[in-house]
Amino acid sequence: MAATRTLRVGVVQFAPKIGKVQANIAKARELCNGLTPRCVDLLCFPEMIFTGYMFPDATSISPYLELPKTGPTCTFCAELARRLECYVAAGFPERISTPTSSAHDHTGGAHLSPIVGFNTAVLYSPTGEPLTLYRKFNLFETDLSWAAPGSGFTVLDLPPPLGKTTIAICNDLNVHKPAAWDSLEDGPYELARHCIREGTRLLVLLNAWLKSRDEDEDEDEERSGSEGNAGDTEEGEGAHDVDDDDDDDDDGLEPDWKTLNWWAHRLRPTWAHHPATEKEYEDQRTVCQINGSGVGPKDLVVVACNRIGGEGGKTFVGSSAALMMRRGSGRPRLLHAMGEREEGIGIWNIPIGL
């Protein structure tokens, strides 16, 4: 049997109030009060969790843009990382020093939008030091009204049990326009391909993911999991390994299965039977051997941290989850999940192959 080590992950899921930064931080601090030093290796907060997300334009979000290191989110994360002696990740809207303008096509007509910031994720070390700023690469429509895209996905080589870690934000998981998801086999699957190519062991998704509704307009489809029909699969290649229940969940303690399926489908190359995927793995393994770094394992742990509540008439779907993707297995594994309206912290122990 292969040697394993346990990765202890915490995901914080609650409903922030838009624009109430200090109140939202106080809520997060209250939820984390029961955590003790070294009880987790990694603690995650969702995308733009302390400011809220659904700002309609650059003017409305500008008062809440933060500077790295000294802004409210970074200050809180550094403080919490030092207290708990763990890694802490969270999303925040980062201020650009010199605002610019960019042409975006929102509804069939291009117009200039003021660019005042980035949609950013930060990761702090157990000593409270900032390790990376990742800027959202695949902007959602709401982001386009104020944010510039980042420069692309990266990977961090962190000490065990985290290992090679990729941080992404919400819509990064979806197809990068103008491409379309027109092939179940070939995608495109931008984030999944990055993880395979770089040998990522841990993918952290910080989300503000919306609940899917059949009556949603097209602008919500890319985020809600209803884009196209590429997510439909044959029996035996589905995106979950537990039966989902179509009955209404009145207490909100069950996850939203449609959302979990969508997340897993968008990472399909990391678990599906597919010759091209296996060739990518073999190519990556050869590079590892040439570089003397050993053979990369086939397992990818995915931690998706989402929020709940509503803003601007939209509802966030919660359902924070941990999944295990084993390349070529033909099926992802759901390890843990929170409910779609559940508030609290999920503390999960995840076995990691050495």
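Modeller: Happy to! C195 is buried, with a relative accessible area of 2%; buried means under 20% of that area, exposed over 50% and partly exposed in between, using a 1.4 Å probe and protein chains only. Please keep in mind that this is a predicted model, where local features need pLDDT of at least 70, side-chain atom pairs count only at pLDDT 80 or more, and totals for chains, interfaces and linings use all residues. Residues are numbered from 1 along each chain as its sequence is written, and side-chain values use heavy atoms, leaving out hydrogens and water.

With 7 of its 9 residues buried, helix α5 (residues 190-198) is largely enclosed by the rest of the structure. Helices here are DSSP runs of H or I with at least four residues, strands are runs of E with at least two, and both are numbered from the N terminus. Just after α5, G199 takes a positive phi of about 70°.

Now the sheet: its 6 strands form an open arrangement in the order β6-β7-β8-β9-β12-β13, with mixed pairing, where two strands pair if DSSP finds at least two bridges between them. β6 (156-157) and β13 (333-337) stand at the edges, each with a single partner strand, so one side of each has no neighbour in the sheet. α5 packs on this sheet, touching β7 (164-169), β8 (202-206) and β9 (299-305); contact means heavy atoms within 4.5 Å.

Conventions: Axes are lines fitted to C-alpha atoms, for helices over the stretch in contact, and angles run from 0 to 180 degrees between N-to-C directions.
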